[in-house]
Amino acid sequence: MSGKKPTNGSVAIKGMELDVRNSILKKDDGEEVHLTPKETKLMRLLMENVGQVVSRSELMEYVWNTEYLGDTRTLDVHICWLRQKIEDNPRIPELILTRRGQGYELRV
């Protein structure tokens, strides 16, 4: 099931809805998670490509408007922050998965 494109400023997939304008992720248990603007952009792109690997370069270009991949620690840190906010156990992620040498994948 892929994410639907935002028509009213939100993206919804099974178990989550992202309010892009207000940077709030609503989880299926009713919990609302407040995200930073960069986290919101990351989550939006991952949700729009749910079940597919999104490359590091795509994420960098979409969120930071750069194709520079020399130091992608910024991306890793933001993914880490997202995991801390949405994963039950951020140390063993089940939603945002790292695909070594490829990028990240959102699974629901």
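**Pockets and helix packing**

Guide: The largest pocket has a volume of about 310 Å³, a volume being the space filled by probe spheres set on grid points joined across faces, edges and corners. The model is predicted, so local features need pLDDT of at least 70 and side-chain atom pairs pLDDT 80 or more, while totals for chains, interfaces and linings use all residues. Residues are numbered from 1 along each chain as its sequence is written, and side-chain values use heavy atoms, without hydrogens and water.

Visitor: Which residues lie nearest the centre of the largest pocket?

Guide: A pocket is an open set of points on a 1 Å grid over the protein atoms alone, where a 1.4 Å probe fits, with protein on both sides within 12 Å along at least five of seven lines, and lining residues have an atom within 4 Å of a point. Here 14 residues form the lining, and Lys-27, Asp-28, Ile-86, Asp-88 and Leu-95 lie nearest the centre. The lining of this largest pocket divides into five nonpolar, two polar and seven charged residues (Ala, Val, Leu, Ile, Met, Phe, Trp, Tyr, Cys and Pro are nonpolar, Asp, Glu, Lys and Arg charged, the others, Gly among them, polar).

Visitor: What lines the second largest pocket?

Guide: The second largest pocket holds about 210 Å³ of space, and its lining includes Asp-76, Cys-80, Arg-83, Pro-90 and Tyr-104. Helix H3 (residues 73-86) contributes the most to that lining, with four residues; helices are DSSP runs (H or I, at least four residues) numbered from the N terminus. By class, the second largest pocket is lined by three nonpolar, two polar and four charged residues.

Visitor: How should I read the packing of H1 and H2?

Guide: Two packed helices are described by the angle between their axes and the distance between the axes. Helix H1 (residues 37-48) and helix H2 (residues 56-64) pack at about 135°, their axes 9 Å apart (axes are lines fitted to C-alpha atoms over the stretch in contact, and angles run from 0 to 180 degrees between N-to-C directions). H1 and H2 are therefore oblique to each other (under 35 degrees is roughly parallel, over 145 roughly antiparallel, 65 to 115 roughly perpendicular, the rest oblique). Their contact (heavy atoms within 4.5 Å) involves, among others, Leu-42 and Leu-45 of H1 and Leu-59 and Tyr-62 of H2, and its residues divide into seven nonpolar, no polar and four charged.

Visitor: At what angle do H2 and H3 pack?

Guide: H2 and H3 pack at an angle of about 85°, with their axes 11 Å apart, which makes H2 roughly perpendicular to H3. Arg-56, Leu-59, Met-60 and Trp-64 of H2 meet Thr-74, Leu-75, Asp-76 and His-78 of H3 in this contact, which has four nonpolar, two polar and two charged residues.

Terms used:
Helices (H or I, at least four residues) and strands (E, at least two) are DSSP runs, numbered from the N terminus.
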